[in-house]
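This report concerns a single protein model and describes selected features of its fold and side-chain contacts.

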Amino acid sequence: MAELRPSGAPGPTAPPAPVPTAPPAFASLFPPGLHAIYGECRRLYPDQPNPLQVTAIVKYWLGGPDPLDYVSMYRNVGSPSANIPEHWHYISFGLSDLYGDNRVHEFTGTDGPSGFGFELTFRLKRETGESAPPTWPAELMQGLARYVFQSENTFCSGDHVSWHSPLDNSESRIQHMLLTEDPQMQPVQTPFGVVTFLQIVGVCTEELHSAQQWNGQGILELLRTVPVAGGPWLITDMRRGETIFEIDPHLQQERVDKGIETDGSNLSGVSAKCAWDDLSRPPEDDEDSRSICIGTQPRRLSGKDTEQIRETLRRGLEINSKPVLPPINPQRQNGLAHDRAPSRKDSLESDSSTAIIPHELIRTRQLESVHLKFNQESGALIPLCLRGRLLHGRHFTYKSITGDMAITFVSTGVEGAFATEEHPYAAHGPWLQVRRPFFYSLPSFHRLFLAHPSSSPLATLGGAPSRGAGHECLLDSGPWLLVILFPVEI
């Protein structure tokens, strides 16, 4: 629950207090981290010392559900001559360390990030006659903050969020988000570290898909060139009824398609509903490691096992790419595909120390055949995996949102992979690698993976199998896409 009130932020406009060398022994009446961010707000809005503010009634550190202590809402007059319309400017307080006493964030010093290192902002076009800012953006920001606190994954400029619902719960086409640096807010040095400001930008589904296929920064630059789609300050207009590609059809072919062909995709992977199993021989029992990704309660990796996976990914697979961020969705905070900078918690880090047998992780197992399972949204990213990643000598990873299982497709240009040309299917514990997957040279895979699972009970890809490899696809009537890969001698 939250309440709306004037912020009543006290304090002069002087610079923040000197940086202490250790966290304060007790919280001041006006927390230093909060004071530092207020100082940046006062710099931008000296005429609005007491903006309207949405505040959590029960603070997160007292057991409340909302991680953001406050969301302040300012009226920005814009600049008509620069195609910057009047808008509402929302600024969060709580993803960074406001207090410095370990009640929310661990104090780690003044040189690094404060808390998660950033706060969220949002710029919403002001409608004619609107005298007060809508409050729904505050709940949107709380939803993103809940994901960050629960997963400990951070955001960075260029990231995208698949939301799959109008941001304001209307009939709007603005149903997803990109993130970028706020055009006015400057990084703030607080007594507890540095805070940057990431702005949420509402986008249409077609724009999100282009960001996935290419990269978020490229689409943000296109949005800046179209005044009605955001303009220089990327202001979200929930009444926008056309995508940038409908406004200017040349953008798709001349900018996006060319960018994909030249640059590939920056999206190195997603967290999703997915699973794999070794079909070379049936599992011996329920505890067999080959069944680790199929059970309803997948076992967790030990800290040592997890570190080995992370180090292998770091050494061999981080080629022009970043770790992946688990999904977000308005109903369940776990539905999005994302590309980001390294976070406080690695994407393959476990929450539990319940171990599988360590040697199962160390020993590489070559598999004769594997069974892959994806949900529909994840399967729809297979064209991206091929066109934007593998064809550019990169890799693409699916990380399970229900356990520590992962599936990585690797191309011949990826060094350090344990899947080889001779043994294209290989596993370390619950981590599977597939080298040059069967659809690598098949033109028909695009239609298959974008088809709804109920479209056909059984389908075979590409007609006759390519030399040295056979394949068939099983599509059931539920939300899962089932794929079986197996070598066949021709």
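## Backbone, packing and salt bridges

At 1% relative accessibility, Leu234 counts as buried. The residue lies in the loop between helix H4 and helix H5 (244–247), and its phi is near 55°, a positive value in a residue other than glycine. These values, like those below, come from a predicted model. Most residues other than glycine have a negative phi. Asn169 also has a positive phi, near 60°, and is found in the loop between strand S6 (160–161) and strand S7 (176–181). Asn169 is exposed, with a relative accessible area of 66%.

Helix H4 (residues 216–225) also packs with helix H3 (residues 205–213), at an angle of about 135° and with the axes 7 Å apart. The two helices, H3 and H4, are therefore oblique to each other. On the H3 side the contact is made by Glu207, Ser210 and Ala211, and on the H4 side by Gly216, Ile219 and Leu223. By class, the residues of this contact of H3 with H4 comprise 3 nonpolar, 2 polar and 1 charged.

An open sheet of mixed pairing is formed by 6 strands in the order S10-S14-S15-S17-S16-S12. Its edge strands are S10 (269–272) and S12 (365–366), each of which pairs on one side only. Helix H10 (residues 382–389) packs on the sheet, where it touches strands S14 (395–400) and S15, and its direction makes about 150° with that of S14. Strands S15 (residues 406–410) and S17 (residues 431–435) run parallel and are joined by 5 bridges. Within S17, Val434 is the bridge partner of Phe409.

The model contains 15 salt bridges, and the table gives three of them.

| Asp66 | Arg146 | 2.9 Å |

Asp66 is buried at 6% relative accessible area, and Arg146 is buried at 17%. Asp66, Glu139 and Arg146 are linked in a network of salt bridges.

Conventions:
Residues are numbered from 1 along each chain as its sequence is written. This is a predicted model: local features need pLDDT of at least 70, side-chain atom pairs count only at pLDDT 80 or more; totals for chains, interfaces and linings use all residues. Side-chain values use heavy atoms; hydrogens and water are left out. Two strands pair if DSSP finds at least two bridges between them. Helices (H or I, at least four residues) and strands (E, at least two) are DSSP runs, numbered from the N terminus. Contact means heavy atoms within 4.5 Å. Axes are lines fitted to C-alpha atoms, for helices over the stretch in contact, and angles run from 0 to 180 degrees between N-to-C directions. Angles under 35 degrees count as roughly parallel, over 145 as roughly antiparallel, 65 to 115 as roughly perpendicular and the rest as oblique. Ala, Val, Leu, Ile, Met, Phe, Trp, Tyr, Cys and Pro count as nonpolar, Asp, Glu, Lys and Arg as charged, and the others, Gly among them, as polar. Buried means under 20% relative accessible area, exposed over 50%, partly exposed in between (1.4 Å probe, protein chains only). A salt bridge is a side-chain nitrogen of Lys or Arg within 4 Å of a carboxyl oxygen of Asp or Glu.
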